[in-house]
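Let's walk through a model together, one feature at a time. Have the viewer ready and ask as we go.

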Amino acid sequence: MLSNIRVVLVGTSHPGNIGSTARAMKTMGLSTLYLAEPRVAPDGHSVALAAGASDILKHAVTVDSVAEAIADCSLVIATSARSRTLDWPMLEPREAGEKLVASALTGPVAIVFGRENNGLSNEELQKCNYHVAIPANPEYTSLNLAQAVQIICYEARVAHLAQVQRDFENAKPEGYVEPVNEYPFAKERENFFSHLEETLLNTGFIVKQHPGQVMTKLRRLFSRARLERQEMNILRGMLTSIDKKVAPKDNNEA
């Protein structure tokens, strides 16, 4: 289960932070590290600070963007301070750990950590299902990257151990298969939002020259609802049916 929880570092600028992150992960049983558009590569300093977790550094995956790092994940949680400008579904660290572990039962999930100096952009934050804020001392909130990773990884481990205990107490007969809800991958969600925006532009609901905040608010709505894959497919089908009605009109005007 824990191997399905992916730690994604975005734009990391200090190799020591990568090594310290690997150490924080390994102490809690996590092993999958992605480096999205890193400004530096792991080096000897990283290995030194990993303190025995160099295997995580060795197998770390480097990608060019957050979108690429989370493309096949059914749940993505971003670490972020509470924002007044981007009202997104927020979680406490314990809730984040529980959701990560529950979804990791069926496939990859991700927890995304931003740049050391300025965190994640609004565009990157909007690609995630939830945001998590660590309730640090409001008079001194200066957590370094590895400390933040340690806290979230600890909560994931606590949730994992609780899940193992529940599984033991509620063991099902041999051959029993627990029904699960399938959630779309991040790439599928992005395809849905692109389709939705295109349809709303074609119908005139969104004016291309003045789009406003419609798509941001719709992203927030669907992220809060957390659609299952089947529900998203129904919505894609609805959009396609609208496209078919709108297309002939556009063709005639052309």
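**Reading helices and the space around them**

A: Let's start at a cavity: helix H8 (186–203) and H9 each supply at least two residues of the lining of the largest cavity. Helices (H or I, at least four residues) and strands (E, at least two) are DSSP runs, numbered from the N terminus. A cavity is a set of points on a 1 Å grid over the protein atoms alone where a 1.4 Å probe fits but cannot get out, and lining residues have an atom within 4 Å of a point.

Q: Before we go on, what sort of model is this?

A: This is a predicted model, where local features need pLDDT of at least 70, side-chain atom pairs count only at pLDDT 80 or more, and totals for chains, interfaces and linings use all residues. Residues are numbered from 1 along each chain as its sequence is written, and side-chain values use heavy atoms, with hydrogens and water left out.

Q: How many cavities of 30 Å³ or more does a search of the whole structure find, and which residues line the largest cavity?

A: Volume here is the space filled by probe spheres set on the grid points, which are joined across faces, edges and corners. The search finds one cavity of 30 Å³ or more, and about 80 Å³ of space lies in the largest cavity. Its lining residues include Tyr183, Arg189, Phe193, Phe222, Ser223 and Arg226. By class, the lining has six nonpolar, three polar and two charged residues. For those classes, Ala, Val, Leu, Ile, Met, Phe, Trp, Tyr, Cys and Pro count as nonpolar, Asp, Glu, Lys and Arg as charged, and the others, Gly among them, as polar.

Q: Which residues of H9 are buried, and where do they fall seen down the helix axis?

A: An α-helix has 3.6 residues a turn, so residues three or four places apart point the same way. Buried means under 20% relative accessible area, exposed over 50%, and partly exposed in between (1.4 Å probe, protein chains only). In H9, Met215, Arg219, Phe222 and Ser223 are buried. Seen down the axis of H9, these buried residues fall within an arc of 105°, so they line one face of the helix. That arc is taken from the directions from the helix axis to the C-beta atoms.

Q: Now H1: what do its buried residues pack against?

A: The buried residues of H1 (residues 15–27) include Ile18, Ala22 and Met25. They pack against strands E1 (5–10) and E2 (32–36), and helices H2 (44–50), H3 (54–58) and H7 (145–169). Just after H1, Gly29 takes a positive phi of about 90°.

Q: How many helices and strands are there in the protein?

A: The secondary structure comes to 10 helices and seven strands, and buried residues make up 41% of the 254 residues.

Definitions and conventions:
On a 1 Å grid over the protein atoms alone, a cavity is a set of points where a 1.4 Å probe fits but cannot get out, and a pocket is an open set with protein on both sides within 12 Å along at least five of seven lines; lining residues have an atom within 4 Å of a point. The expected span of a helix is 1.5 Å times one less than its number of residues. Contact means heavy atoms within 4.5 Å.
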